[in-house]
Amino acid sequence: LGTGAASARVSALAPGAGTPTGTVRFINPLTGALLASAPLANGAATEVLPRDAGLVAAVYSGDDGFVESVSETASALAVWARKLRTSSARRRRKTW
């Protein structure tokens, strides 16, 4: 059936700043099945998915400065045409 690359970019939403670190998991949002996992490098993660992956969502793990977030759901075919973008990563406020 072949394979295709899925990419996710994680970035801070204003007024947040910085570059998130951590891991992105590519999952089937209906079953929760893990399809692939990749570390972020400069805010981006790319991994190969099977063509029959069905629906895909990117889940960002969060780090010391950013909270976990989940992308919108896309079909595996759409993943090859565009990048999944997590849109809810927000800079955590440190409390002292």
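## Confidence of the model

The pLDDT is the predictor's confidence in each residue, on a scale from 0 to 100. Strands (E, at least two residues) and helices (H or I, at least four) are DSSP runs numbered from the N terminus. Over the protein the pLDDT averages 78, and 74% of the residues score at least 70. Residues 79-90 stay under 50, and the model has 49 contacts beyond four places in sequence for this segment. A contact here means heavy atoms within 4.5 Å.

This is a predicted model, in which local features need a pLDDT of at least 70 and side-chain atom pairs count only at pLDDT 80 or more, while totals for chains, interfaces and linings use all residues. Residues are numbered from 1 along each chain as its sequence is written, and side-chain values use heavy atoms, with hydrogens and water left out.

## Overall architecture

Of the contacts with a separation of 6 or more, 54% are between residues 24 or more positions apart.

Buried residues make up 35% of the 96 residues. Buried means under 20% relative accessible area, exposed means over 50%, and partly exposed lies in between (1.4 Å probe, protein chains only). The protein exposes about 5600 Å², of which carbon and sulfur atoms supply 53%; these areas come from the Shrake-Rupley method with a 1.4 Å probe, and for residues only the protein chains shown count as cover.

## Strand S2 and its partners

Strand S2 (residues 23-27) pairs with S3 in the antiparallel sense over five bridges. Two strands are taken to pair if DSSP finds at least two bridges between them. Opposite Ala-38 in S3 stands Val-24, and opposite Ser-37 in S3 stands Arg-25. S2 and S3 form a hairpin with six residues between them, and Gly-32 in the turn has a positive phi of about 80 degrees.

S2 also runs antiparallel to S5, to which four bridges join it. In that pairing, Ile-27 has Ala-57 of S5 as its bridge partner.

## The nonpolar core

The largest nonpolar core has 15 residues, of which Val-24, Phe-26, Leu-40, Leu-49 and Tyr-60 touch the most other members. Such a core is a set of buried Ala, Val, Leu, Ile, Met, Phe, Trp, Tyr and Cys residues joined through side-chain atoms within 4.5 Å. At least two residues of this core come from each of S1, S2, S3, strand S4 (44-50) and strand S5 (55-60). S5 gives the most, with three residues. In soluble globular proteins, nonpolar side chains tend to be buried together.

Leaving aside neighbours within four places in sequence, the contacts of Val-24 include Ala-8, Val-10, Leu-40, Ala-45, Ala-58 and Tyr-60.

Leu-35 belongs to strand S3 (residues 34-39) and is partly exposed, with a relative accessible area of 24%. Beyond four places in sequence, Leu-35 is in contact with residues including Phe-26, Ile-27, Leu-49 and Leu-55. The C-alpha atoms of Leu-35 and Val-48 are separated by 9.0 Å, with the two residues 13 positions apart along the chain.

Glu-47, in strand S4, is partly exposed at a relative accessible area of 27%. Glu-47 lies eleven residues from Ala-36 in sequence and 6.6 Å from it in space, C-alpha to C-alpha. Beyond four places in sequence, Glu-47 is in contact with Gly-4, Ala-5, Ala-6, Phe-26, Ala-36, Ser-37 and Ala-38.

## Buried polar residues

Ser-7 is found in strand S1 (residues 3-9) and counts as buried because its relative accessibility is 15%. The side chains of Ser-7 and Thr-46 are joined by a polar contact of 3.0 Å. A polar contact is a pair of N or O atoms within 3.5 Å; within protein, one must be able to donate a hydrogen and the other to accept it, and residues adjacent in sequence count only if both atoms are side-chain atoms.

Asp-63 is placed in the loop between S5 and strand S6 (69-70) and counts as buried at 16% relative accessibility. The side chain of Asp-63 reaches the backbone nitrogen of Thr-21 at 2.7 Å and makes a polar contact of 3.3 Å with the side chain of Tyr-60.
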